[in-house]
Amino acid sequence: MLGEGILKGLAETAKNFAGSFVSKERLTTVEYPEDRIPTFEAARVFPFLVYDARNPGDENDWEAGLRCVACQICEKECPPKCIFIDKSKDKKPDALGKQQFYPTRFDIDVSVCMSCQICVEVCPFEAIKMDNEFELSTTDRFGGLLHDRRQLAKSNEYYHKIHPTEAAEVDARLAEEKAKADAKARAAADAAAKAAAAAKPAGGGE
């Protein structure tokens, strides 16, 4: 029937309008910013960088604990090309204790970002996630919308706060990977010790 969709939409609007006088659930208008609707866990706005707290209280803790290893996959896969990364020349240990490169520069232009979450999907290190912070307006329409790695860095604790289910799954997976890496390192150390012991000449005089 021609116009059936329009009629259904108008009926839903009328139902909400009439129902708003008797049911708070039908009151769909919120007087923002005084009143706010709780953010859904699955909400996504702009990306942020996760860091694992290592030295709480240290103002540079965010830099030491960044999960990002500057692999630049997110930069290459970003559709609007709003991520800019420079890789370090040296390495530092990551969350698993493995020596990795790190970003000396990691910028995201939030005025260009389309919140597609592709950067999150392609990251193999669980280093970039989607924030739910949307109040990012600024009077600086250029530099103020280019967020650097210090602005983007947020703790794993914060990640747990906004996405508890997802963060718990990520932590469990990282813990499992760390346990495997530790077991592999112990096995290698044991094998090296046995090899050294076997190669050592037997003691005793002639």
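**View 1. The largest cavity and the elements that line it.** In this predicted model, α3 (73–77) and α4 (118–122) each supply at least two residues of the lining of the largest cavity, where helices (H or I, at least four residues) and strands (E, at least two) are DSSP runs numbered from the N terminus. The largest cavity has a volume of about 100 Å³, and of the 17 residues that line it, the closest to its centre are Cys68, Cys71, Cys74, Cys123 and Ala127. On a 1 Å grid over the protein atoms alone, a cavity is a set of points where a 1.4 Å probe fits but cannot get out, whereas a pocket is an open set with protein on both sides within 12 Å along at least five of seven lines, and lining residues have an atom within 4 Å of a point. Grid points are joined across faces, edges and corners, and a volume is the space filled by probe spheres set on the points. The lining of the largest cavity divides into 16 nonpolar residues, one polar and no charged, with Ala, Val, Leu, Ile, Met, Phe, Trp, Tyr, Cys and Pro counted as nonpolar, Asp, Glu, Lys and Arg as charged, and the others, Gly among them, as polar.

Residues are numbered from 1 along each chain as its sequence is written. Because the model is predicted, local features need pLDDT of at least 70 and side-chain atom pairs count only at pLDDT 80 or more, while totals for chains, interfaces and linings use all residues, and side-chain values use heavy atoms, with hydrogens and water left out.

**View 2. The second largest cavity.** About 80 Å³ of space lies in the second largest cavity, and of the 13 residues that line it, Cys78, Cys82, Cys113, Cys116 and Cys119 are the closest to its centre. Its lining has eleven nonpolar residues, two polar and no charged.

**View 3. Val112 beside Pro80 and Cys82.** Val112 is placed in the loop between β5 (103–109) and α4. Not counting residues up to four places away in sequence, Val112 touches Pro80 and Cys82, a contact being heavy atoms within 4.5 Å. Although Val112 and Cys82 are 30 residues apart in sequence, their C-alpha atoms are 6.0 Å apart in space.

**View 4. The three-stranded sheet.** An open sheet has the strand order β2-β5-β7, with antiparallel pairing, two strands being paired if DSSP finds at least two bridges between them. β2 (83–87) and β7 (146–147) stand at the edges with a single partner strand each, so one side of each is left without a neighbour in the sheet. Five bridges join β2 to β5, with Asp86 bridged to Arg105 in β5, while two bridges join β5 to β7, where Ile108 stands opposite His147.

**View 5. Ile108 and the largest nonpolar core.** Of the 26 residues in the largest nonpolar core, Ile83, Phe106, Ile108 and Ile128 touch the most other members; such a core is a set of buried Ala, Val, Leu, Ile, Met, Phe, Trp, Tyr and Cys residues joined through side-chain atoms within 4.5 Å, and buried means under 20% relative accessible area, exposed over 50% and partly exposed in between (1.4 Å probe, protein chains only). The elements that give two or more residues to this core are β1 (47–51), β2, β5, α4 and β6 (128–130). Five of the seven residues of β5 are buried.
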